[in-house]
Amino acid sequence: MIKLQSNRLAELGSAIFSEVASWKQEVLSRGVDVIDLGIGSPDHGPSERVREALREAVSDPTMYGYPGTDGTPEFRRTVADWYRHRFGVTLDPEREIVALMGSQDGLAHLALAITNPGDIAIVPDPGYPIYSASLVLAGVTPYLLPLREEHQYLPQLELIPADVLKQAKFILLNYPSNPLSAVATLPFFERLVEFARRHELLIVHDAAYSEMAFDGFRPPSVLEVEGANDVAVEFHSMSKSFNMAGCRIAFMVGHAGAVEALRTLKSNIDYGVFLAVQKAAAQALRDDMLPGSSSVAALYERRRDVVVEGLRAVGWDIPTPKASMFIWARIPDGWTSRQISREILYNAGVVVIPGDAFGKEGEGYVRIALVQEEDRLLEAVRRIGEFLNGTK
Ligand SMILES: *Cc1c(COP(=O)(O)O)cnc(C)c1O
């Protein structure tokens, strides 16, 4: 009798996501027209020019060798150009940039590359699930940093206990954030860099939503802080910013030692991102630097307005997010996150994610992903309104 068992695996993953998936299956099997505002997967494709670049590259027989873990010189040079253009930050393409098979790849593996079992890492609660999962894989103990509405979901760094700081190797943050759609400004990053320097902590900043901000707001990079590449790495993803989630391409930049460590670990795991995909991603970054280039932000800004105004009109008072593809909504009194999400799905046919799927601090909230066209969002809002107002 073969016994396959991994305690590590048993600790991974939030059971809530599979629970929501099974609710959805059940509702679908009753023939309900379900509107899925659950998983944050972009519903549009990349631009025609990016698809053309990909088509051309795929037809080129020289694109089919092992790409190598670093990322091509062209891709890394283009990332460096884009960083200078977008943030005014200069990066060394040789030492400070590594290509990733999605930031999930980098986030999942970074702790393995830069920590030892028994170390501590500081991760946000609520937070994107891979942050904690990567610590499970590496045998690292999480310190869950609460992010609360009354502090605009920014951490209170001074409340982290001294003994935690002594053992902690890195602090991971994410602005604009999933699921919170909270944003950080440069003065916050300046304080964070100073704090990290004082406590000899690496800052790991996940900037997956940097290009998805509204009302003219331009999210800063932590690397804009003078000298921050001594203490910080930053993740960017082509998935959300350029609608390339299925292509699996992202990059980590910053602290040269951390870049080297992640590259070395990954050279034992994968052989890099398909060259054709790197070509297409470089095209997307170059196009983004052209004057008058269009951004995904406009689409999500309109969707945000539809949902925020719609929900307010039916009596659900939610704040207006400044960025990301999510609405993080405090739920009406008398419900748990799990209960109301289930009832919204069974009564209104709309999938939302219970806030506690992202950590215990998420209880009392649900996450609504803006991943359907406006007419579907309007319909979702109408149905949620009927449910909340008990007319159905
Ligand atoms: C979607 C998302 C990512 C991107 O993951 P990829 O692996 O690059 O597709 C990273 N971080 C957060 C917080 C996300 O929501």
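By class, the shell around the ligand consists of four nonpolar, seven polar and three charged residues; here Ala, Val, Leu, Ile, Met, Phe, Trp, Tyr, Cys and Pro count as nonpolar, Asp, Glu, Lys and Arg as charged, and the others, Gly among them, as polar. The model is predicted, and local features need pLDDT of at least 70, side-chain atom pairs count only at pLDDT 80 or more, and totals for chains, interfaces and linings use all residues. Residues are numbered from 1 along each chain as its sequence is written, and side-chain values use heavy atoms, with hydrogens and water left out.

There are 14 residues around the ligand, and D206, S237, S239, K240 and R248 come nearest; a residue is near a molecule if one of its heavy atoms lies within 4 Å of it. Polar contacts are pairs of N or O atoms within 3.5 Å; within protein, one must be able to donate a hydrogen and the other to accept it, and residues adjacent in sequence count only if both atoms are side-chain atoms. For S103, a backbone N or O atom lies 2.7 Å from an oxygen atom of the ligand. Y209 places a polar side-chain atom 2.6 Å from a ligand oxygen atom, and R248 has a polar side-chain atom 2.6 Å from an oxygen atom of the ligand. On its own, the ligand has 390 Å² of accessible area, of which the protein covers 95%; accessible areas come from the Shrake-Rupley method with a 1.4 Å probe, and for residues only the protein chains shown count as cover. The elements that give two or more residues to this shell are α5 (103-114) and α9 (238-241). Helices (H or I, at least four residues) and strands (E, at least two) are DSSP runs, numbered from the N terminus.

Grid points are joined across faces, edges and corners, and a volume is the space filled by probe spheres set on the points. The largest pocket holds about 500 Å³ of space. It is lined by 20 residues, with F242, D288, S293, S294 and S295 closest to its centre. Two or more lining residues come from each of α3 (48-58), α4 (73-87) and α11 (275-288), and α11 gives the most, with three residues. The lining comprises six nonpolar, eight polar and six charged residues. Because domain 1 (7-45 + 295-390) and domain 2 (48-288) both give residues to the lining, the largest pocket lies between them; the domain bounds come from an automatic or database domain assignment.

Four cavities of 30 Å³ or more are found in the whole structure. The largest cavity has a volume of about 40 Å³, and its lining has eight nonpolar, four polar and no charged residues. Among them are P126 and Y175. A cis peptide bond joins D125 and P126, with omega about 0°, and P126 is in the loop between β3 (120-125) and α6 (130-138). The peptide bond from Y175 to P176 is also cis, with omega near -10°.

Terms used: 1 Å grid on protein atoms, 1.4 Å probe; cavity = no way out; pocket = protein on both sides within 12 Å on 5 of 7 lines; lining within 4 Å.
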